[in-house]
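Dear colleague,

Please find below the structure that I am handing over to you. I would be grateful if you could look through it alongside the notes that follow.

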Amino acid sequence: KKMNNVKTSFSIRDMENLSGIKAHTIRIWEKRYNLFSPERTDTNIRTYNLESLQKLLNVTLLYKNGYKISKIAKLGDEKIPSLVNEIITLKSEKSHAINSFKLAMLNFDQSLFLNTYNELMEEKSFTQIFNDVFIPLLNELGLLWQTNTISPSHEHFISNL
């Protein structure tokens, strides 16, 4: 399902590729902690919306920063983003910047891209941004393209910015 070429629906494989969390783990988090409630196709295949993807990226960030999934599940949808913001403020914005650039790309959102870039420019030199953010981002995009999670138009959007 595409709306103006903006991807609004994601398979569990897309979710895995974008978050780095295995599909098996996503299913467990979904069943055990009700973290996500995907739509189902007629053939009972899970499809996730953009909010679910954003939530998964946020949950992943908390999880990778030592939060137990049982604790994250109890936080609720309002608290998760604010906690993520605290962590980003305390820690390096590297992975946050990469996630923001990924979301900008998925939505063809040039202003999110430029806002993220400008925030980085306040803290770092172009060389630092290039090495710390763009190189890892481009590596990830290569993998996302390889796994059909993103289309060439997404890749072109990012590489032209």
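Predicted model: local features only at pLDDT ≥ 70, side-chain atom pairs only at ≥ 80, totals over all residues.

The chain contains nine helices and five strands. In sequence order, these elements follow the pattern β-β-β-α-α-β-β-α-α-α-α-α-α-α. The radius of gyration is 16 Å, close to the 15 Å that the globule rule gives for 161 residues, so the chain is as compact as a globular protein of that length. The C-alpha trace spans about 45 × 35 × 20 Å along its principal axes. Of the 161 residues, 40% are buried. The accessible surface comes to about 9300 Å², and carbon and sulfur atoms account for 51% of that surface.

Three strands form an open sheet, in the order β3-β5-β4, with antiparallel pairing. Strands β3 (9–10) and β4 (39–40) stand at the edges and have a single partner strand each, so one side of each is left without a neighbour in the sheet. Two bridges join β3 to β5 (residues 46–49), and Phe10 stands opposite Tyr48 in β5. Helix α2 (residues 23–33) lies across β4 and β5, and runs at about 80° to β5.

Finally, Thr8 is found in the loop between β2 (6–7) and β3. Is Thr8 buried or partly exposed? With a relative accessible area of 29%, Thr8 is partly exposed, since buried means under 20%. Thr8 and Tyr48 are 40 residues apart along the chain, and their C-alpha atoms are separated by 8.2 Å.

Yours sincerely,
A colleague

How values were computed: Residues numbered from 1 in each chain as written. Heavy atoms only, no water. Pairing = 2+ DSSP bridges. Helix = DSSP H or I, 4+ residues; strand = E, 2+ residues; numbered from the N terminus. Contact = heavy atoms within 4.5 Å. Axes fitted to C-alpha atoms, helices over the stretch in contact; angles between N-to-C directions. Buried < 20%, exposed > 50% of the residue type's maximum accessible area, 1.4 Å probe, protein only. Rg over C-alpha atoms; globule rule 2.2 N^0.38 Å. Areas by Shrake-Rupley, 256 points an atom, 1.4 Å probe, with all protein chains shown as cover.
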